[in-house]
Amino acid sequence: MYLHLPSSRFRMPHAASSRHPRLYSSRVICSVALEHKARLGHCTKVPRNVNMESLKNGYLFPEISIREAEHAEKYPHAKLIKLGIGDTTRPIPHIITSAMAQKALALSTDAGYTGYGDEQGNKDLREAIANVVYKDKGVEWDEVFVSDGAQGDISRLQMLLGSGMTIAVQDPTFPAYVDSSIIVGQAGKFQEETGKFQNIVYMRCCPWNDFFPDLATTPRTDVIFFCSPNNPTGTAASRPQLERLVEFAKANGSIIVHDSAYASYISDDSPRSIFEIPGAKEVAIEISSFSKFAGFTGVRLGWAVVPKELKYSNGFPVRKDFNRIMCTCFNGASSISQAGGLACLSADGYQALCRSIDYYHENADIIIDAFTSLGLKVYGGKNAPYAWVQFPGRSSWEVFNEILERAHVVTVPGAGFGPGGEGYIRVSAFGSRECMLEASRRLKSLLK
């Protein structure tokens, strides 16, 4: 067995090497090997998963958190404004938290205690999602699977579909689709020259194609991950665009995984669900979440709709396999969270949440006005709580660092969402009105 030693760590004096080359080199190698082993401590004989080794650097949002912490240490007295990670900031309405509190208190009584619930979710909540969110869209309650959030569903769907699937993603796109495909072994090798993984089809979405991919030049894949309203661009697909996507999937025998986590922010006539499109139940799964709709980022509650009409090539229903995944890998969402979800979908709860969404829309207007007043192109904000700001010819990490260093404002570099995000930053509208106004003032002062 040979020990590879970096040249900076091993230098053999010329005189000693000429006298006893073998003796000297073996002693030094053994010494360095022992030092290396002592530094690592005990190691098992279990190799690291090669797919984990393929993940590029850190996951985007933890990396931003690290840079935030370093900045706070460097500038301890600066008031940092966080417009990066899309974490909601408005309090959850009392009508919803009181429902969760009542459920929690009931657990301390004999009459109110409940143990395990159905892995697929509370039937009342499944019916409420079908009747309120998917009213007149043909979704039945037993096609709804309640979960701990859309991001968990992305990974469970990857497990369901397996490592042999080919996938397509929007570019730019939410990084969890790509990272989960790497982990299950779908992605292939990373290509440094393109910034892409070999086995993933990147569907470019940019201003000149109205942020919708050119399906005429998109090769067939088994699975298409499609997020609308899109994170990070903040744009929602129109009805004709989604009709083309469904037709494309049907013609190619593909499955669409439609992420509608930001659907409640749509303010125009764009579809809020892919199941508004005729025929979509034969080719699509939809995942969604209470996180951005209800401020449940810490409460954790979401759902997936897997239609009965969706079938594999051999005719077997996909829904039955997804049910098995939920039963095997997930023991059901928290009963307390589900009580909150029911309250969200009540008439009064829904109305209260709409007021919070209006507040975030107003925040987005403030941020958009700040950047457009500086002559910058800004996209999004209308149908999602994100502004997608273009800085032509500049590195997105460079812009991120400059805004953080000089304005003490955290954003997200577009390159973290794929090669198509280079030259952009994403700015979140989640925050207090005071923070939005102060961030606007700082950005105008910095970038004018």
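This is a short tour of a predicted model, stop by stop.

**Whole chain**

Start with the whole protein chain in cartoon. It comes to 15 helices and 15 strands. Along its principal axes, the C-alpha trace spans about 90 × 60 × 60 Å. Colour by burial next: of the 448 residues, 49% are buried. Take the contacts between residues at least 6 apart in sequence: 73% of them join residues at least 24 apart.

**Residues 79-441**

Select residues 79-441. An unreviewed UniProt entry annotates this stretch as "domain: Aminotransferase class I/classII large". Here the chain is 37% helix and 16% strand.

Now show the seven strands of the open sheet. Their order is S2-S10-S9-S8-S7-S3-S6, with mixed pairing. Which strands are the edge strands? They are S2 (144-147) and S6, and each pairs on one side only. Neighbouring strands are turned against each other by 20° on average, with direction ignored.

Move to S8 (residues 255-259) and S9 (residues 284-289). In which sense do S8 and S9 pair, parallel or antiparallel? The sense is parallel, over four bridges. Pick Ile-256 to see one partner: its bridge partner in S9 is Ala-284.

**Aromatic pairs**

Show the side chains of the aromatic residues. The structure holds 21 aromatic pairs. Zoom to Phe-174 and Tyr-177. Why is this pair edge-to-face? The ring centres are 5.8 Å apart, and the planes stand at 80°. Planes over 60 degrees apart count as edge-to-face, so the pair of Phe-174 and Tyr-177 falls in that class. Phe-174 and Tyr-177 are buried.

Go on to Phe-212 and Phe-226. This pair is also edge-to-face, with 5.8 Å between centres and 65° between planes. It links distant parts of the chain, 14 residues apart. Phe-212 sits in the loop between S6 (200-204) and S7 (223-227), while Phe-226 is in S7. Both Phe-212 and Phe-226 are buried.

Then select Tyr-262, Tyr-265, Tyr-359, Tyr-360, Tyr-386 and Phe-430. Together they form one aromatic cluster.

**Charges over rings**

Arg-90 lies over the face of Tyr-359, at 4.1 Å from the ring centre. For another case, select Arg-156 and Phe-330. The charged end of Arg-156 sits over the Phe-330 ring, 4.5 Å from its centre.

**Gly-121**

Finish at Gly-121. Where is Gly-121? It lies in the loop between helix H5 (94-106) and helix H6 (123-133). Is Gly-121 buried or exposed? Its relative accessible area is 1%, so Gly-121 is buried. Show what surrounds it. Leaving aside neighbours within four places in sequence, Gly-121 is in contact with Arg-126, Val-146 and Gln-338. Gly-121 and Val-184 are 63 residues apart in sequence, and their C-alpha atoms are 26 Å apart in space.

Note on methods: Residues numbered from 1 in each chain as written. Predicted model: local features only at pLDDT ≥ 70, side-chain atom pairs only at ≥ 80, totals over all residues. Heavy atoms only, no water. Phe/Tyr/Trp six-rings, centres within 6.5 Å; stacked < 30°, edge-to-face > 60°. Buried < 20%, exposed > 50% of the residue type's maximum accessible area, 1.4 Å probe, protein only. Helix = DSSP H or I, 4+ residues; strand = E, 2+ residues; numbered from the N terminus. Lys NZ or Arg CZ within 6 Å of the ring centre and 35° of its normal. Pairing = 2+ DSSP bridges. Axes fitted to C-alpha atoms, helices over the stretch in contact; angles between N-to-C directions. UniProt positions renumbered as here; feature names shortened; annotations may be inferred. Contact = heavy atoms within 4.5 Å.
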